[in-house]
Amino acid sequence: MSAGLSSQVSRDYQLTLTNFLERARRFFPRQEIVSRGAQGISRYNYRQFYRRVCRLDNALSALGIGQGDRVGSFAWNTHRHLELYFGLPCMGAVMHTVNIRLSPEQIAYVINHAQDKLLFIDEDLVPAIEQVAAKLPGVQRYVIMCEGELPPTSLAPVCSYEELLAEAPENYDFPQLDEGLPAGLAYTSGTTGDPKGVIYTHRMLFLHSFALALAGGFGISEADTTMALVPMFHANAWGIPYTSTMVGAKQVLPGPHPQPEEIAGLIQTERVSFAAGVPTVWIGLLQFLEQQNYDLSSLQQIVCGGSAVPLSLIKAYRDKLGLQIHQAWGMTEMSPAGSVGTLKRSMSDWPAEQQLAQQAKQGLLLPGLEMRVLDESGCEVPWDGETSGELLVRGPWVAREYYRDPEASAQRFAGGWLRTGDVVTVDRESYLQIVDRTKDLVKSGGEWISSVALENALMAHPQVLEAAVIAVPDERWSERPLAYVVLKPDQQLSAEELLGSITAQFPKFWLPDEVTFIDELPKTGVGKFNKRALRQLAQQRPRR
Ligand code: ADP
């Protein structure tokens, strides 16, 4: 066989999620999937999971869903959501995970922009969709994922997920798919304007899962019991559902609003060995465990990311609970995993405090990815742990563009590279550390708040001349918005009155915790609000 022919053969094999689904059924039929719902814990295994995915795909076909169609989910981490995670892509459709934390306007925007034909909704989230349903002309049907009877609802036409499955046949022939086909779609907050869509192809999710399963990634294997505390409606729950299914791990899906008590309970009773979530989750759990006794001895690894992980948190888990936190950095545009902060073996004899400082960095880029760090003139900065620049990345699971948004794509993607908007240093060991952000967003409890949207709303107040919103560090939420406001001459206005005027436009967690009135906003040379100067100003303010 000539070299040319053999490379052709290897390229013919398509890297699709159907491979993971079939493998889980054949190799790990009895491995459990545990799901916490409104009515308590339910459990089944990969064999039963597979059958329900087949039923789902028959039902979707009967509803007219075909290759390339987008279908939305509005749901927590549950077994039904996991069925959609595989059922939709493996029949050739596209799984659009709608972020339940978006504002009503943004929810309507992303569903319409994606042109979702169907919407699968968790029972307790139905009211949020009812609120915007009149603005969703393209949605042909709503499917409610409830345990029993359909709840009363104004959504129409509507049906129950379980009824759909019950009426559908159990055998389904999965189509041969091209690895370049879209499998998933998620929206991320842009610096300005509307959320931006990111398409994940089968190939991207396939290779991303391989990288995560590596020991230097999340190191997930069949021996693990994984629990994604990062929501399945945000950045593919960091890819944990796909990777866990690929390797045949036991999965624990923590359901609606998991609180520290439920999290600790699930770790203890299900013997969770791997869990991942944003710092806010781990801070809350730590506080809870200071009052309560739970057996967390099964836990081997905690992955924490989405926002900078405080060194004090890593230290507290190490010293108080004997647990290892690994920091992960990523972005929706990267499927989402980018780097993990595990230590190199040469660091094993470092003093404990130096190890800790290294673990508080965002870590080493995953195999398969490439990075560059550029200064303002576009030159690469030295990897000396001091010089900072903007991080650019590329690789097999990094998006090349935003979905149907050439303008935003042109701003963030160039020559195959993604401009992350994260300002980093890279040390001599090649570990990344995020030191600042060029994107004008606040990340609170793992979810984005648009400073630009808040500024526009504040500046719409008749007594306000200028307003700028910046992110300030917060112990519990990682970051919170702080507003600097300049009033028009001779005006009097309290922070309460000002915030009261914008409350109706935003989710409650978006509202700035503090409003500081000042005489003038610092500006850059081109007249923009100088947020770097404002961040310095904020550092000097008295602690509340
Ligand atoms: P996710 O929340 O899954 O990380 P998003 O796309 O919502 O994905 O957010 C990506 C951005 O979040 C990054 O560009 C970075 O600014 C921030 N981020 C993610 N992980 C970390 C981390 N470990 N430390 C600091 N910032 C982080």
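Predicted model: local features only at pLDDT ≥ 70, side-chain atom pairs only at ≥ 80, totals over all residues.
Residues are numbered from 1 along each chain as its sequence is written, and side-chain values use heavy atoms, with hydrogens and water left out.

Let me start with the sheet. When I speak of helices (H or I, at least four residues) and strands (E, at least two), I mean DSSP runs numbered from the N terminus, and two strands pair if DSSP finds at least two bridges between them. With that in mind, there is an open sheet of nine strands, in the order E2-E1-E11-E10-E12-E13-E14-E15-E16, and its pairing is mixed. Its edge strands, each pairing on one side only, are E2, residues 40–45, and E16, residues 364–365.

Within that sheet, strand E12, residues 274–277, pairs with E13 in the parallel sense over four bridges, and Phe274 has Gln301 in E13 as its bridge partner. Strand E13, residues 301–305, in turn pairs with E14 in the parallel sense, again over four bridges, with Gly305 standing opposite Ala328 in E14. Between E13 and E14 the chain passes through helix H12, residues 311–321, and this β-α-β crossover is right-handed, a term that applies if, with the strands pointing away from the viewer, the path from the first strand over the helix to the second runs clockwise.

How much of strand E14 is buried? Of the six residues in E14, residues 325–330, five are buried, so the strand is largely enclosed by the rest of the structure; buried here means under 20% relative accessible area, exposed means over 50%, and partly exposed lies in between, with a 1.4 Å probe and protein chains only.

On its other pairing, E14 meets strand E15, residues 337–340, in the antiparallel sense over three bridges, and Gly330 has Ala337 in E15 as its bridge partner. The hairpin of E14 and E15 has six residues between the strands, and in it Ser335 takes a positive phi near 75°. The peptide bond from Ser335 to Pro336 is cis, with omega near 10°, and Pro336 lies in the loop between E14 and E15.

Now to the ligand. Which residues come nearest to the ligand? There are 21 residues around it, and the nearest are Ala328, Thr332, Asp422, Lys439 and Lys443, where near means that one of a residue's heavy atoms lies within 4 Å. The shell divides into eight nonpolar, nine polar and four charged residues; Ala, Val, Leu, Ile, Met, Phe, Trp, Tyr, Cys and Pro count as nonpolar, Asp, Glu, Lys and Arg as charged, and the others, Gly among them, as polar. E14 gives the most to this shell, with four residues, while E14 and strand E21, residues 432–437, each supply at least two.

A backbone N or O atom of Gly330 lies 3.2 Å from an oxygen atom of the ligand, a polar side-chain atom of Thr332 lies 2.8 Å from a ligand oxygen, and an N or O atom in the side chain of Lys443 is 2.5 Å from an oxygen atom of the ligand. Taken alone the ligand exposes 540 Å², and the protein buries 97% of that, with areas taken from the Shrake-Rupley method with a 1.4 Å probe.

Finally, some backbone details. Most residues other than glycine have a negative phi, and most peptide bonds are trans. Against that background, a cis peptide bond joins Ala156 and Pro157, with omega about -15°, and Pro157 sits in the loop between strands E6 (141–145) and E7 (158–160).

Ala235 has phi near 50° and sits in the loop between strand E10 (225–228) and helix H9 (240–247), where it counts as buried because its relative accessibility is 4%. Asp490 has phi near 60° and lies in the loop between strand E25 (478–487) and helix H16 (495–500), but Asp490 counts as exposed, because its relative accessibility is 81%.

How values were computed:
Polar contact = N/O pair within 3.5 Å; in protein donor to acceptor, adjacent residues only side chain to side chain.
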